[in-house]
Amino acid sequence: MKRLMTPKVFFSLLLPLLSLSLWAQESNNAYFKKIKNEKVISDPSIVWKNFGPGMSGYCEEFWCHPTDPNVMFMGPDMHVTFGTWDGGKSWKTIKDSDGLGHDLERTHDIQFSTKNPDFGVAIEREGGVYTSIDRGRTWKQVADIGMAHTKLAIHPKKEQTWFIGAGDFWNVKNNHRSLQNLNGVKHNRANYGYILKTTNGGKSFKKIATNIADDLDVGRIIIHPIKPNLMWIATNHGVFKSNNEGKSWESCAKGLPNNLPRDMTAQYDKKTEQFTLLLIEQTFFEENNKTVSAKGGVYKSSDLGSNWENISSNLYFDLKQIHFTAEHDRFYRAIGYWFGISKKEAKQKYPQLPSHTLSVFNRIVVNPLDPNEIHVAFNKKHDFSFGPGDLWSTTDGGKTWKVTARQGKYWLGKNDLKYWNQRNNPTGTNVKFAHLQHYMDLEPARSGNRMLAVNAKGEVFIGIDQQTLKSTDQGGSWFQIDDDETATGSQQWIGRGGSNLPGRFMLLETGIPERRLLCSGEHGLWETTKIGNWKDPQAVAVQQLEGQVNHFGMHSVSTVAVHPKDPDTIYILGWRQSHRGKLRRSKDGGKTWENIATIFNVNSPLHKKLAAQNSLIIDPQNPKNMYFCATHQMISEVSGGRGPKLTKGEYGFYRSFDGGYTWEVSNKGIDHKGASIRRIIMDPVQPTTLYAAGNDNNGGLFKSTDKGSNWVKVKIPAQIKAVNNVFIDRNTKEVFISTGRRTGEYNEGGVWKSKNNGKTWQKIFNAPFVWQAETSPVNPDIIVVSVAGQAGDKKGNFKNPGVYLSKDGGNAWTKINKGLGQPNKIVDVKPDPYNENVLWCASWGCGWFITYLNDDQNGWLHQ
């Protein structure tokens, strides 16, 4: 045994069991192996359910299976990817829950073979190439092509032959076209200048199309479904065609005014054997006295790209007839960027609004069952675009176009009815959101449409703001497919499993047994509610208490506390967006809110972060005493890194003795250089005693016996450099610390327990970077642990981030990741305070999860 425990031989490869730091009882635990850098599979009987709310962040991409309309995939911006196999009724992660968490983080494309509908290929931002043989339910990495690539195509007759375009064409936030940059903006995360071709399923790749341009950025690859030797690509240098399966390419732009395609698609009619190409041009603006003219629009080719026909017709609109200041402002922002001047300068130089202009479109789809039904979209928030609505559509092949996605103040107010009636365009709103409805009705339609797709049945999908929307009537109406409402008008939602919400702290004991309070980034504060007669008793319904539901509510809530004598009095802190740096209070259970203190400020726009706040605590004996910590080293925040320089406030331990109206920093004893306090906790017996977890490189555990006036560093094992969490079991009074660093050594990390108030410590769990460990208030033998992923250069050292469970006080552990979309980023995990068969967790970027132990089918309220 001594030889096994030599660090360089075997000790560092073992998982923990008590103070020996060994995984034991392997024969009794079929789901663990001993080697730390060998992948461990989760207990399949424990499955986490993502309960939402649904799409609460931006969905960057959406893909429909070419032949199975029930199969779709979405690629949100918070490093998750989801799939549905029931037409959007439910969504599940397609990432490997037992992986490192890096797979399919930001998926750039997913395509399936039309020859074998079970076979698919996916590419993601870091250069990983993945394949699936079960219609996208599971994926395996088969290649690493290095850095970002754009889109891919699978040969219609040879499924092991694929084409992958180089570039960063679809980077809608950073790759904008302008008069000075007609070919777009290069990004250092991408390679350019070629298309990759494989004929052996990704075992090897050959570069083709290398002689077009060194900065070739490929936006779309289209292969003729019957004559696959014919190929077309839409690029930042124009449209090109190959007659020999990609060996050589020639321009095919006859009839295109700019030859700057923003997107391209195709439609093949099996009955007539007609193959049609369609593309949307970059809108090109030119000076025209005191205004500007525009040229671009939608073009069609019926002769394999030899000639292009303009089918834009009344896609052009009269901006003078649209009396909406927000739209005029967006117009000047767009043309200002185009000409390389400021918005203010554009208004001065071009004071007259154009009577014949175009939005800057960037997406196009066609109904696979009807070549005359075409939809084009634009993103006015991120792509320097403007214009009414969020989608334009035609059902007559481009003879007439209508605004078919209408939401926000302009359309709700039924403005400019005469103009729209002349155009035979419907008015009023036709988009139904979930919890965002109130917020969107008050907005000037500024969010933009992020994506556009159509499935094999002709159903259309768009993404306005942070909601995924579907139309089954050619764009006549739209409804969200992210959440289900428990009853019409209840505003209580059960997520379908595809959440893109930045989950944060969860308060499970709120003074009301059936209520849990859930913090989120960008979408405020939520509470759990009853599910009524919902078909699944294990479902969790939630309703928003603060955020979009309230006009100018707090959107990013970091931590929450409830008055110990009045459960209707709730306090929250926020770190970005509206009310950032404020302590906000509700005295009526979340119906109304007021700011009672401004604690932080920073010199940056509202959407930028300031100090991350954690562990808001109220003294149960004297509720006027309140505490929290402002964390400098923000290891589990969305943007991470160190907190910004503050213009008001400091980092460290905060306290208030007047119920939150005034606050002071009290860091005496923990004020070393670079200090960062990530969590604090109050002794359950003596509320004047507090513990603080220091997670900086010279951190540790600190203790105060005088309400934080003075702090003393507690002696802990010498190898520990950072303490990320401290927790005290209310029943046993045992103290648990979770340790490790993102770039730290393996032996630094783990979970340590003290039975004697920190005099001695026993290691019960071993992993390099542990964020949290907590015990069940019902049964102290139940312990849950969150293991985070380390830095990229250390990812091969430990391949098992995620959530771990012990049912025997830490003697044996089980990995329980099944269903988690981000096993490397579980920011909060807790046993339920009333039901020992229930666990909860919050994910960095895909909402909240619940799981049931012992096959409990009765729901989380069952006790």
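**Entry 1: the whole chain.** I began with the secondary structure, and the protein chain comes to 5 helices and 59 strands. Next I checked the radius of gyration: it is 28 Å, close to the 29 Å that the globule rule gives for 863 residues, so the chain is as compact as a globular protein of that length. I keep in mind that this is a predicted model. Along its principal axes the C-alpha trace spans about 80 × 60 × 55 Å.

**Entry 2: burial and contacts.** I looked up burial and found that 63% of the 863 residues are buried. For contacts with a separation of 6 or more, I noted that 55% are between residues 24 or more positions apart.

**Entry 3: the second largest pocket.** I then turned to the second largest pocket, which holds about 1600 Å³ of space. It is lined by 47 residues, and the closest to its centre are Pro-66, Gln-111, Thr-114, Thr-265 and Ala-266. Elements giving two or more residues to this lining include β2 (59-64), β6 (107-112) and β14. Strand β18 provides the largest share, 7 residues. I sorted the lining by type and got 29 nonpolar, 9 polar and 9 charged residues.

**Entry 4: strand β14.** Is β14 buried or exposed? I found 6 of the 6 residues of this strand (residues 218-223) buried, so β14 is largely enclosed by the rest of the structure. Its neighbour β15 (residues 231-235) runs antiparallel to β14, and 5 bridges join the two. I followed one of the pairings: Arg-220 has Ala-234 in β15 as its bridge partner.

Definitions and conventions
Residues are numbered from 1 along each chain as its sequence is written. This is a predicted model: local features need pLDDT of at least 70, side-chain atom pairs count only at pLDDT 80 or more; totals for chains, interfaces and linings use all residues. Side-chain values use heavy atoms; hydrogens and water are left out. Buried means under 20% relative accessible area, exposed over 50%, partly exposed in between (1.4 Å probe, protein chains only). Helices (H or I, at least four residues) and strands (E, at least two) are DSSP runs, numbered from the N terminus. Two strands pair if DSSP finds at least two bridges between them. On a 1 Å grid over the protein atoms alone, a cavity is a set of points where a 1.4 Å probe fits but cannot get out, and a pocket is an open set with protein on both sides within 12 Å along at least five of seven lines; lining residues have an atom within 4 Å of a point. Grid points are joined across faces, edges and corners, and a volume is the space filled by probe spheres set on the points. Ala, Val, Leu, Ile, Met, Phe, Trp, Tyr, Cys and Pro count as nonpolar, Asp, Glu, Lys and Arg as charged, and the others, Gly among them, as polar. The radius of gyration is taken over C-alpha atoms; the globule rule is 2.2 Å times the number of residues to the power 0.38. Contact means heavy atoms within 4.5 Å.
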